[in-house]
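The following note sets out points for a colleague who is reviewing the model. It takes up the salt bridges, the backbone and the pockets in turn.

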Amino acid sequence: MALQGPIPVTFAMVFPHGCYVVGEVEPVKDFDASSNGRFVQARDKQTAELVWQVAVMDGDPTLKPAQKTVAVKILAPVQPVPPQPMPGLPFTPVEFDGMSVTPYVNAAGRLAYSIKVHEMHAPRQSTPNKAGKDAA
């Protein structure tokens with residue numbers, strides 16, 4: 001089979017209703033390399049980039065509350081900085097580029113996905129095109 005490893009996806013495929021930062025960007029611990037109180041940050045197996053993690057809330061209104069918050073792993077040489085909060089909003093909207101998902105079976109025996117990205121940024125604003133319609 002030609003499809004092996006992480007599956008490339010777009011932001012719109014994973015978060016069609018958008019998503020919002022609800023946690024801090026933190027380093028992911030390499031549990032195999034860390035010992036005796038010494039913290040070692042995880043590196044991605046394919047790229048060797050440092051792995052960071054941020055909790056985001058999916059904007060999909062049909063999700064159950066327990067399904068709304070997901071962890072997104074960010075592969076980057078330095079700690080990524082979330083976009084600036086937007087006035088009047090309780091959560092900070094965010095978008096990701098260079099996304100991939102890796103399916104796995106979780107501890108409850110259900111299909112789940114690990115989400116990895118290469119870039120985090122503020123949502124892009126759509127601009128009207130010549131026909132007067134919004135362009136993505």
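1. A residue is called exposed when its relative accessible area is over 50%, buried when that area is under 20%, and partly exposed in between. The model under review is a predicted one. Arg-124 has a relative accessible area of 53% and is therefore exposed.

2. Which residue forms a salt bridge with Arg-124 at 3.9 Å between the closest N and O atoms? The partner is Glu-95. The two lie 29 residues apart and link distant parts of the chain, with Arg-124 in the loop between strand 9 (119-121) and strand 10 (127-128) and Glu-95 in strand 6 (residues 92-97). Glu-95 has a relative accessibility of 17%, so it counts as buried.

3. Arg-124 also forms a salt bridge with Asp-97, and here the closest N and O atoms are 2.8 Å apart. This pair too links distant parts of the chain, since Asp-97 belongs to strand 6 and Arg-124 to the loop between strand 9 and strand 10, 27 residues apart. With a relative accessible area of 22%, Asp-97 is partly exposed. Through shared partners, the salt bridges join Glu-95, Asp-97 and Arg-124 into one network.

4. The count of salt bridges comes to three. One of them brings together the side chains of Asp-44 and Lys-116, at 2.6 Å from N to O. Asp-44 lies in the loop between strand 3 and strand 4, whereas Lys-116 is in strand 8; the pair links distant parts of the chain, 72 residues apart. Are Asp-44 and Lys-116 buried or exposed? Both Asp-44 and Lys-116 are buried.

5. Two backbone angles deserve a check. Most residues other than glycine have a negative phi. Asn-36, which is not a glycine, has a positive phi of about 50 degrees. Its place is the loop between strand 3 (26-27) and strand 4, and with 81% relative accessibility Asn-36 counts as exposed.

6. Ala-48 likewise has a positive phi, near 65 degrees, in a residue other than glycine. Ala-48 is found in the loop between strand 3 and strand 4. The relative accessible area of Ala-48 is 44%, so this residue is partly exposed.

7. The largest pocket has a volume of about 650 Å³. Among the 23 residues that line this pocket, Gln-67, Val-70, Ala-112, Tyr-113 and Ile-115 are the closest to its centre. Two or more lining residues come from each of helix 1 (11-14), strand 4 (51-58), strand 5 (69-75), strand 7 (99-105) and strand 8 (111-117). Which element gives the largest share of the lining? Strand 8 does, with five residues. By class, the lining of the largest pocket divides into 14 nonpolar, five polar and four charged residues.

8. The second largest pocket has a volume of about 390 Å³. Its lining is made of 14 residues, and those nearest its centre are Ala-42, Arg-43, Lys-45, Lys-73 and Lys-116. How many residues in this lining are charged? Seven are charged, alongside four nonpolar and three polar residues. Lys-116, one of the residues nearest the centre of the second largest pocket, is also the salt-bridge partner of Asp-44.

Definitions and conventions:
Residues are numbered from 1 along each chain as its sequence is written. This is a predicted model: local features need pLDDT of at least 70, side-chain atom pairs count only at pLDDT 80 or more; totals for chains, interfaces and linings use all residues. Side-chain values use heavy atoms; hydrogens and water are left out. On a 1 Å grid over the protein atoms alone, a cavity is a set of points where a 1.4 Å probe fits but cannot get out, and a pocket is an open set with protein on both sides within 12 Å along at least five of seven lines; lining residues have an atom within 4 Å of a point. Grid points are joined across faces, edges and corners, and a volume is the space filled by probe spheres set on the points. Helices (H or I, at least four residues) and strands (E, at least two) are DSSP runs, numbered from the N terminus. Ala, Val, Leu, Ile, Met, Phe, Trp, Tyr, Cys and Pro count as nonpolar, Asp, Glu, Lys and Arg as charged, and the others, Gly among them, as polar. Buried means under 20% relative accessible area, exposed over 50%, partly exposed in between (1.4 Å probe, protein chains only). A salt bridge is a side-chain nitrogen of Lys or Arg within 4 Å of a carboxyl oxygen of Asp or Glu.
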